Every structure is written in structure tokens, then in C-alpha cells.
Amino acid sequence: PEPTAPPPTTMTSSLRILTASTLDSNPSLLLIAADGSKTLVNCGEGCQRSFLESGASSGAPSTSTNTHAYTYTYTSTSVRVSSVHRICLTHIGHDALGGLPGMILTTADVAESAARDFQRRMTKEANGTLGGGGNDSRKRKDLSLADGNNRSYNGNGNDYSREEQDRERDREREELADLEIIGPQGTKDFLHSLRHFMRRDRFKIHAREGTFDSSTCHRADSTNNDSNSDIDRGNIPPRKKNKKTKHKKGGNSRHRDVHEDVGFHVKTLPINYQLTTSATTTSSTSSSTTENHNDDTIQTISTNTSTNTTTTNITKQAQSYLFTTPPIPGKFLIEKARQKRVPPGPLYAQLKAGKTVTFADPTNGEERTVRSEEVVEKASPGVAVAVVYCPVLEVLGKLREAEMFCALERKGTRDDDEATEKGESSTNASTTANTTKATMATNSVELDVIVHLTPKSIYHHPSYQSWCRRFGNRVDHITLHVPETLEARTSSSPSDGGRGAVSPFCSAMRGGIRRSFVSDEIFPRLRLQDGMTDEKVTAPAGERNDTDHLDGSNAETVATIEGCPMMEYHLIPRAKRGLNESTNRSPYATNEMEVLETEVIRTGAVTLAKELISTDHIESNDDTTTDTGETDAKLGELIFSGTGSAIPCKHRNVTGMYLRMNNGNAILLDAGEGTVGQLIHSWKSSLPSQCTSQTAIEEFRSRLRGIKAVWISHPHADHHLGLLRLLSERNAICSQNDPIVLMAPPNMFAFLSEYTSIAPEIHRGYIAVDCRDMMHGKIHPMGRKLYEDLGVTNCMSVPVAHCPYSFAVVIDGTSFGRVDYSGDCRPSNRFADVGFGTDLLIHEATFEDGMEEEAVMKRHSTVGEAMDIARRMNAKALMLTHFSQRYPKIPPLKRSIQNGECSTSEDDDFPIAFAFDFMRVRPNTVAMAAKLTPALRLLYPGEGDDDVMDAELLKEGKDSVK
């Protein structure tokens with residue numbers, strides 16, 4: 001037979017951009033190793049949702065013959081959150097770790113599910129149901145053959161040998177995932193602060209902060225060290241370290257010795273720097289009492305005192321990373337093996353493994369010896385990826401001096417570049433540099449790419465560009481610019497027409513746009529591009545286009561790849577090294593709006609919506625509008641920033657609502673992860689189409705300043721993690737005398753207090769009001785302030801059954817009248833009594849009717865139970881929200897009415913509306929929103945779990961990962 005090479009091991013490794021700086025996302029990237037393990041760099045808000053979008057559509061649509069008029073080309077495969085084994089943070093801040101608690105919860109629950117599956121299998125094996133040659137044994141054989149690990153079997157070929165069963169058991173134990181988190185100083189304190197609202201006892205976190213080198217640090221050093229572990233894993237047996245374990249490619253093989261040649265080795269470079277912050281005070285009576293948060297009289301703001309500005313220096317730490325692959329094995333040269341007359345089979349594998357083989361020549365029987373280097377190419381020492389976080393020029397000076405990067409610079413160019421900065425000639429040095437590879441002096445690892453997480457003003461600075469040139473032109477530079485201000489987020493990228501400034505959450509954006517064609521009053525038309533106009537956007541002060549320089553010179557700028565969501569850069573195999581051009585484009589088609597409109601029209605939803613509205617003679621708001629699109633008379637509105645439960649989903653964000661009063665100020669009812677980004681998209685959609693970027697920025701600032709209060713219903717992460725960005729960005733534009741009244745459970749304030757110690761940018765940003773101090777029958781501690789800021793005459797909390805410190809709220813004096821919000825809960829008689837006569841009830845409806853048992857177990861409500869509470873309250877209108885992510889569109893309804901049981905009907909005598917992300921209702925459009933439900937159903941003919949993160953959690957009833 002024809003000689004064949006050993007079964008090839010497909011080694012692929014790449015870098016993938018998950019998100020960039022947009023209105024609703026922050027820079028994050030994923031390193032995918034050849035063994036399938038994955039390292040995530042930064043985990044800001046919405047990071048989990050970006051994983052779902054990592055396999056989303058990209059490029060122009062193409063026509064199709066099926067019932068859907070258009071399909072999209074998939075350019076990459078989706079990546080599961082549970083496959084991430086390491087998370088690296090560049091700094092402490094909401095833009096780097098705002099999504100980390102949710103990521104930990106999801107990963108832990110997937111691991112717990114795997115642990116139960118493993119335990120069930122081990123129990124079956126102990127009972128003899130495995131290993132007997134039956135069907136279960138056959139299934140195990142088929143699975144192991146499929147993953148190509150060449151496992152051995154016993155004599156009859158139908159069963160594992162005992163040794164192989166032990167090896168398989170060890171492998172399964174290792175895949176009961178744990179997580180390594182590496183970050184700057186403060187990382188451990190942040191993880192420790194999470195104990196106030198989340199806990200997973202069966203999940204292990206290995207926390208590292210500051211200087212760290214995985215190639216010299218053994219994982220076991222911290223496994224049993226409490227200072228390095230913030231969430232302990234119990235009842236999971238430790239892995240047996242005396243056995244070699246085979247790992248399935250692409251699997252969750254996380255619990256590994258860091259000395260194994262798998263995955264990326266990581267080395268950190270922490271750099272301390274000083275950040276100067278300014279604070280403006282306009283009232284001498286508030287500065288010394290804002291942290292006590294109890295005295296209503298002292299908190300009264302005086303407008304007769306002078307304005308004072310104070311500056312504070314804060315020490316922060318920026319952490320950069322160097323990731324290196326293990327050595328890359330050389331290619332087996334089958335033609336040379338044939339020439340050497342090496343028999344195919346096991347000898348090929350030995351040569352590939354670097355061994356020398358001796359065999360009998362098959363043609364004449366003579367003994368022959370062949371060395372590995374004769375038939376195998378020389379192995380490559382590996383490749384490196386650098387991730388540089390440089391928020392200020394002070395950090396740049398230390399980056400230039402760092403040994404970790406100096407070792408990667410090309411030889412003979414450092415002095416030349418310094419001479420260039422002084423105006424001296426370096427033409428000869430530059431010519432030589434064009435042919436020089438960037439290498440690490442100690443082991444010749446090749447540096448392929450540097451990812452720059454910097455503000456534009458820093459990246460284009462001549463000193464920074466000079467440092468980039470030291471690495472030679474073989475090294476690629478990818479930018480993921482860190483926004484310094486709200487202006488930087490709002491402005492489109494001038495270099496690429498805004499490609500990098502579009503939301504990465506394509507499914508949610510497309511869903512919002514589709515609904516807008518049904519009713520652009522209830523669902524304002526979202527804008528795909530962050531910039532407000534189509535013309536080229538002028539860079540804000542302190543920034544400029546790629547060809548401009550801060551000193552006005554014409555200094556050379558290194559070739560730059562501007563990172564955008566879904567972009568992929570190949571590292572291995574080396575023949576494919578470089579940017580995957582098919583991913584370097586917008587995830588949206590150039591004619592996206594036209595495509596979506598055509599899809600919606602073909603469903604018949606537009607026609608039906610017009611009929612439904614016209615038959616009921618529902619009038620819209622005809623008040624005169626201002627330049628920003630708002631009405632002069634009444635500004636009251638309710639915007640849903642998220643309407644889903646905890647498990648991340650493409651279509652629905654986690655819970656959040658923006659209730660605006662007639663005076664323009666607002667209160668948030670819960671603030672889940674991503675709330676601010678979702679709200680900015682909603683606010684932008686309400687602006688005139690020709691609104692300039694500067695006008696939009698002023699509107700966004702005004703809206704943020706206008707958020708005067710926040711209500712947090714309970715301490716589950718999906719209801720409050722958006723607070724970190726809200727407090728940080730609001731503090732940046734408000735004086736210290738304008739804190740938010742934060743009404744929340746007590747453990748929330750314990751968490752925020754500890755977070756403030758490592759992220760002082762939220763200091764003095766809120767007045768704490770314990771929900772227990774504002775229960776029905778008590779005087780609200782901040783009642784006077786709520787009335788002055790919002791016109792609210794009464795705000796009462798009502799204890800409900802869900803988790804410890806869970807509350808509903810009843811608010812009087814809003815633009816809608818009385819508004820009741822349930823939070824997460826089982827149906828509550830007390831809530832129905834206190835909130836009786838409400839004008840608008842907002843109630844959770846996590847489960848569909850018929851799932852009452854699951855609702856009781858998870859302490860949530862069904863659709864029918866929510867409607868029953870509305871009837872008992874004598875509510876004038878009902879908005880349903882917080883849907884299980886198993887219903888990414890609209891949950892099903894039952895029409896039957898049975899005596900003694902909750903019934904569900906869309907024909908009740910009060911309006912019943914299903915909430916969607918980006919939905920906006922005004923007091924006079926609630927009825928319209930309810931009437932549109934049949935039309936909206938036409939947009940979603942099918943339901944499924946395909947777009948939900950780790951759908952196996954739903955199968956086990958985990959509709960809320962908390």
C-alpha cells in the first residue's frame with residue numbers, strides 16, 4: 001500500500017476581536033490556542049453576548065429561494081463562554097470587568113452541570129451499567145473514536161480497558177472547569193467583593209495580580225491558598241497528577257499544570273501611574289455628609305454658595321501582557337521518509353516525536369537507521385502576541401524601558417529611533433530594519449502582532465509611534481482605541497467611515513430595527529452607526545485622523561489595522577499568518593435597512609399593525625417637539641433597556657428600565673449589565689435624523705445628569721451590574737453635589753463600598769437608601785429630594801418572595817401616575833394590596849403558563865400569574881418583562897379560562913403589552929403597545945434556544961443564572 005504520513009494534528013491558533021469601543025461595548029479580544037483553550041482579555045459589559053455574536057452574520061446579504069428573502073454569510077464559528085479558561089484584565093474599571101461577575105456565574109453553572117453529568121456517569125459505571133459491552137459501552141466507543149484520541153480497548157473491541165477507564169475518568173475530572181483570572185493590583189479585592197451578591201461553592205477561581213509569569217509559576221502554588229481563591233470549589237476530586245491525560249481538542253481542558261506545552265504562556269507587565277481627577281462642589285453643606293446617606297435635611301442642595309473645584313491624585317495600575325505559544329512542531333516530510341524507505345505506521349509517529357528509528361529495509365532486509373531531523377522540519381520556537389494598555393503618556397515611558405518589550409525589539413534600532421526623535425538622520429538604520437525580524441533575545445520567539453488598547457491621542461503621539469517602529473515592519477499593529485470621553489464613544493471612526501463604531505450586538509440591533517417598521521413610535525428606529533451624520537466626523541479635541549500628529553509634523557505612522565468586532569488574525573499555521581480579510585468588514589450590510597424593511601413587509605406585520613391601530617382610533621402624541629426631538633409639554637416616557645432574565649441572549653439584554661418624568665429627570669428601575677449602552681442607543685434614536693454629533697453628546701450628557709435616582713429590586717447580578725458604568729460616567733460629568741439616590745438592598749452598598757476602594761471614580765456618586773427603610777408605612781429618608789428632583793410624592797418598597805432582600809416598589813407622582821414594579825418574585829398578595837389602583841403595573845413573567853412548578857422552584861412568576869396580580873390590583877395597564885431567555889421573542893399564551901385557575905388572554909379589559917429592548921412607551925401610547933402584539937408575533941414565527949448562551953442550562957431549568 002502507498003505510504004502515508006501520521007494522522008496530521010491540525011494546529012490552529014488565532015486572535016479574535018470580540019468588541020471594540022462603541023456606545024454599548026468596550027474593547028475585548030480572545031486568544032484561541034492550538035489545543036482549543038481560550039484566553040479572554042478584558043470582560044466589559046455585554047462580553048457574554050458578544051460570544052453569541054462571534055459566529056453572527058457578516059457582509060452583504062444574498063438572495064435565497066426559501067421563505068426568508070435574505071441569508072447572510074457566516075465568517076467565523078461561535079465560541080462558547082464555557083470554553084474560556086483564563087481571563088486577563090488590563091485595569092480595574094467597568095470597561096474591563098463590568099461583565100466579569102456574569103461571566104463567572106455562567107461558567108460556574110456550566111461547570112456545575114458538567115459535574116452532575118460526570119457524577120451520574122461515574123455512578124452508572126460503579127453500578128456496572130458501563131463496561132459490559134452493551135449500548136452504553138458502544139456509545140462510549142463511538143464518541144472516543146470520533147474525537148481521534150486513539151484510545152485502547154480490551155480484547156473484544158467493545159469496551160474500555162480498566163486503564164483507559166481510569167484515564168477517561170481523570171480527563172472528565174479535569175474538564176470540570178475552573179477559571180484563572182489575571183489582573184492588576186485590586187483584582188483579588190474585586191473578586192472578594194462579589195461575595196456580597198454571588199456564590200458558587202463548587203467552582204474554583206485562581207486569582208493572580210501584578211507581576212506574573214505562567215511559564216515559571218506552578219498552578220498548584222495557589223490552588224489551596226485562600227488569598228488567591230475567591231470562590232472555592234467543593235466536592236470535586238482533585239486531579240491525579242501522576243498520570244498523563246489526553247485532552248480533547250477544543251474541549252474544556254482547563255485544569256492543567258501550567259508547565260504543560262498547551263495554550264498560551266502569559267507574562268504580565270504592571271505599571272503604576274498617577275491620574276488626576278477634579279471635583280466641583282457648589283454646596284458647602286453636602287460634601288461632608290454624602291456618605292452618611294441618611295439625613296434628608298442636610299442633603300438639601302443650596303444654590304447660593306460659590307463653586308469650588310478640587311483636584312485629587314489617584315494611583316492606578318495599567319497591565320500589559322505578552323502571550324506566547326509553545327514551540328511549533330516541524331512538518332513531517334513524507335517524501336523524504338519514502339526516500340529513506342521508512343515503513344509507514346508507528347515508525348512515522350516516532351520520527352514525528354523526535355526519535356531515531358531502526359528498521360529492516362523492506363526491499364533488501366538490511367538494517368537502516370533514520371534520525372528525526374532527516375525527515376522532520378526544524379521546529380519553530382513559537383510566536384508571541386503583545387497586548388499593550390497605555391492610557392496615559394506616563395505609562396509609555398515605562399513601556400519603552402520594560403525588559404519584556406526591549407527583548408522583542410529589533411537589534412540596532414533603539415538608538416536610531418531616539419536619534420530620529422532628536423531630528424538626526426537614520427535612513428540607513430531604517431533600511432536595515434525593513435529586513436529584520438522582531439525576536440525575543442532569549443528564545444527567538446517571533447512577535448507577530450501588538451494589540452494597542454490606547455486612546456487615539458496616545459497612539460498617534462510621535463513618541464508612541466517611535467516606540468512602535470522599534471519592533472520592525474514585520475510586526476502588525478491592531479488598535480482597539482480606549483475612549484477617553486463620551487465624545488470619543490459617540491464619534492464614528494474617521495479613518496474607515498465608522499466601521500469600527502457600530503454595535504457588536506447585531507441580533508438585538510436588527511430586532512429593534514425590525515420592530516420599528518411595525519411602529520416607530522413605540523420602537524424608535526435604531527441607528528447602526530454611532531456617529532450622528534453620514535459626513536466625515538471631525539475628531540474631538542485631543543484626537544485627530546490617522547495622518548495627523550500632535551506636533552504638526554509629518555512623522556511616519558506605522559501601518560495600522562483598526563480592530564472591529566468579529567475580526568480574526570491567524571497565528572498558526574504559519575502559512576496563514578496575518579489578518580483574515582473576510583472578517584475585516586462591518587457585520588452589517590450596506591443596504592441593511594432596506595433588507596430588514598423588506599423582511600418585515602413580507603411577514604405582513606406592517607399591514608396588520610396599521611389595521612390594529614386604526615380600528616382602535618389610538619392617537620399618538622402630537623405635542624410640539626424641541627430641537628432634540630422632545631415634547632415641550634410632557635417628557636414622560638418609559639424605556640426598556642433590557643427585558644430578559646439572567647442567561648445571556650442575542651435578542652434581549654438583562655433587566656433595566658428608564659422612567660422619565662415630565663420635568664425631564666428620571667429614575668432607573670433596576671440597572672442590569674449594559675443598561676447605559678442600551679439607553680444611549682434609545683436616546684439617539686429619538687433625535688432628529690440630521691442632528692449633529694455635538695448636539696447628540698449634549699443630549700446624552702443631559703440625560704445622564706437627569707438620572708436622579710435608581711431602584712435596585714434585589715441583589716442578583718443581572719439587576720445591578722450596570723451601576724458601575726452609570727456611576728462612573730455620571731460622576732465624570734456631574735458635580736459632587738448631584739449624587740444619585742440609590743435605593744437598594746443593604747448588601748449592594750457593602751459591595752459598592754469595597755469596589756470604591758479600588759475604583760475611586762464612583763466615590764460620592766450616590767446617596768445610599770436601604771430598601772428596608774422605605775417600606776410601606778415608613779417615611780422615606782430621601783422623600784424630599786425625590787419630590788424636588790422627580791416630582792415623586794411617595795416611593796414604597798414591598799418585600800417579596802425571591803431571594804433574601806427582594807423587594808417590589810410602588811411609586812406615586814410619576815408621568816404615568818402610580819407605577820408599580822414587581823422586581824423578581826412569586827405573586828405577592830401584599831404587593832397587590834399596597835399597589836392597588838395602579839396606573840401601570842410592570843411585572844416579571846419569566847415562565848409561560850403551564851410551567852408553574854418551575855416558577856415555584858425558581859421563585860418567579862408565569863405570564864398568567866402576573867396577569868392575575870394585575871386584576872387583583874385593579875391595574876389600568878400591564879407591561880410584562882423579564883422573560884426567560886428560552887423565549888427570545890414573545891412567550892406563548894394560553895387562551896383557555898378554567899375555574900379556579902389563572903387565565904391568560906390578550907382580550908382582558910386592561911391593556912397588556914409585552915416589553916422588548918429599546919421599547920419606548922408614553923402615558924398615551926400604552927394601549928397602542930398592547931394592541932401591536934399580534935403584529936409583532938408575525939415577526940417571530942419560530943421559537944428556540946439556539947441563540948441563548950449555554951442552552952443546556954435551560955434544559956435543566958436554570959432560567960436565571962445568579
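## A sheet and its helix

Let's start with one spot: L40 stands opposite I87, a residue of strand β6. This is a predicted model, where local features need pLDDT of at least 70, side-chain atom pairs count only at pLDDT 80 or more, and totals for chains, interfaces and linings use all residues. Residues are numbered from 1 along each chain as its sequence is written, and side-chain values use heavy atoms, leaving out hydrogens and water.

Strand β3 (residues 38–41) and strand β6 (residues 84–88) run parallel, joined by four bridges. Strands here are DSSP runs of E with at least two residues, helices are runs of H or I with at least four, and both are numbered from the N terminus. Two strands pair if DSSP finds at least two bridges between them. Helix α3 (residues 100–126) packs on the sheet and touches β3, β6, β7 (179–183) and β8, with contact meaning heavy atoms within 4.5 Å.

## Rings in pairs

How many aromatic pairs are there? The count is 15, taking rings of Phe, Tyr and Trp (its six-membered ring) with centres within 6.5 Å; planes under 30 degrees apart count as stacked, over 60 as edge-to-face and the rest as tilted.

Take F749 and Y766: their ring centres are 6.2 Å apart and their planes sit at 20°, so this pair is stacked. F749 belongs to helix α24 (residues 746–758) and Y766 to strand β24 (residues 766–770), so the pair ties together parts 17 residues apart in sequence. F749 has 13% relative accessibility, so it counts as buried (under 20% relative accessible area; exposed is over 50%, partly exposed in between, with a 1.4 Å probe and protein chains only).

Definitions and conventions. Axes are lines fitted to C-alpha atoms, for helices over the stretch in contact, and angles run from 0 to 180 degrees between N-to-C directions.
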